[in-house]
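This report is for a reader new to the structure.

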Amino acid sequence: MLNDTIVAISSAVGEGAIGIIRMSGEDSLSILKKIFKSSNGDSLYKNRQMYYGLIEKNETVLDEVMVVYMGAPKTYTKEDIVEIYCHGGIISIKRVLDCILEEGARMAEPGEFTQRAFLNGRLDLSQAEAVMDLISAKTEKGFDLAYNQLEGSLSFKIDTIRNKLLKVIAHLEVCIDYPEEDIEELTYDEIKKSFNEVKDDLSILLKNADNGRIIREGIKIAIIGKPNVGKSSLLNALLKEARAIVTDIAGTTRDIIEEHLNIQGIPIRIIDTAGIRKTEDQIEKIGVERSKEIFNEADMILFVLNASEVLSDEDKELIDLVSNKKSIIVMNKIDLESKIEWQHIESSFEDRSIIKTSLLNEDGILNVEQAIVDMVYDGDLTSSNNQLLSNSRHIQAVKQALNSIEAALKATADLMPYDFIEVDTMDCLESLGKITGETVEGDIVKQIFGQFCLGK
Ligand SMILES: Nc1nc2c(ncn2[C@@H]2O[C@H](COP(=O)(O)OP(=O)(O)OP(=O)(O)O)[C@@H](O)[C@H]2O)c(=O)[nH]1
Ligand SMILES: [Mg+2]
């Protein structure tokens, strides 16, 4: 039902100076004419021109507004659009909205304006998804990433790869359909060359995808360690506020504490946990169980140790656990006399950064931040500007495409018949089409737009 007219409140809900109502569809202008009286009696509504006047119903004034009519097809949805700028605040907007609904417009579903932009061919699917990312971006980097995607940087890359595949497919089909014709045969070597190019393109996309995903979704970091080593002190120092209770009593933190943090543009979900130890205390026991769950779920661990204590067996168990995970070692309390077995630590964490801190005075906290940034970017900060892939759905599609092209390469190496090779090539093409929306199923499209906010 693309030709009905939809309406929604497009500004954020709550009190504000202005509240914006947007209509899209064929009847937008005629509905506007029924409810709006321009102050100068104008009723022509030139394209993209603002008019000042009153929204009236049964000769009662509902609000004093500004309106603009934008004619299809050069609009966000490629349909006729009308925007009404009311006084901000719930009553005014609600009254005008109700009035429009009575005149026959339908309340828009979440994301329906952008969905129309997609269905009418103004945006491809990855660009439409970028619109949502722009709105929900929490960091500058996240915003820039989404903006590039909206501009079509990812679509362009995907199209380039798809075109390479289409060329091979076209050639394969001619060879399959007209075997007797004297068409220049595609040699297996030539096919292989094209496939290898595609494979390289896809691998490069995937190489930077993890960073992209982190910039978009945030990275989950857990602070883990024995009781009383200074985990909550670390959380507070990173947040620059006294968020968690810090005492000299071992077992102070019993529940997990989760906060959002932004280090050099990287969005982070940081989680302080209960110190891990064997305990008979019922509450603490549950806390320790949760700490272990968080440990498993986290993308990265900040492992805190107390440099002024000798290592216990429990410490050593934890060290073994942590050494298998992406982690940064925070050697805390270096203001006190050092008693820890450094050799054991260094040999257990040969390839890890070990940061010395005295969190009592927030000494070393900048080094911890830098270590996090380095780990996220794998020591390669410049690559943070090359991310094209960031959305898990897109990453999944590229992975599938890579599998297919590898299968196609193998079939080529085995000198399989052309139609065999074509099947894998088609699979690859189809996987890539899911990103831009050419080959995506309807219910997935629905699900994607369902995540949008109302009025977008
Ligand atoms: N001397 C010294 N004391 C510190 C340092 N960092 C933290 N402390 C103290 O160590 C004690 C424990 O700190 P917390 O941050 O509560 O430790 P925690 O790991 O969260 O402890 P639990 O929540 O019990 O697991 C507090 O008394 C802190 O003031 C440090 O660098 N040097
Ligand atoms: Mg604590």
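## Terms and conventions

Helices (H or I, at least four residues) and strands (E, at least two) are DSSP runs, numbered from the N terminus. The model is predicted: local features need pLDDT of at least 70, side-chain atom pairs count only at pLDDT 80 or more, and totals for chains, interfaces and linings use all residues. Residues are numbered from 1 along each chain as its sequence is written, while chains are lettered from A and ligands numbered from 1 in the order in which they are written.

## Surroundings of ligand 1

Ligand 1 is surrounded by 24 residues, a residue being near if its C-beta atom, placed from the backbone, lies within 6 Å. The closest are Lys-231, Ser-232, Ser-233, Thr-253 and Gly-275. Helix H9 (residues 231-239) contributes the most to this shell, with three residues.

## Domains

An automatic or database assignment sets the domain bounds: domain 1 covers 6-108, domain 2 covers 127-208 + 389-450, and domain 3 covers 220-383. Taken over C-alpha atoms, the centres of domain 1 and domain 3 are 54 Å apart.

## The seven-stranded sheet

Seven strands form an open sheet with mixed pairing, in the order E3-E4-E5-E6-E2-E1-E7; two strands pair if DSSP finds at least two bridges between them. Strand E3 (36-38) and strand E7 (106-107) are the edge strands, each pairing on one side only.

Strand E2 (residues 18-24) and strand E6 (residues 81-87) run antiparallel and are joined by seven bridges. Within this pair, Gly-19 stands opposite Cys-86 in E6.
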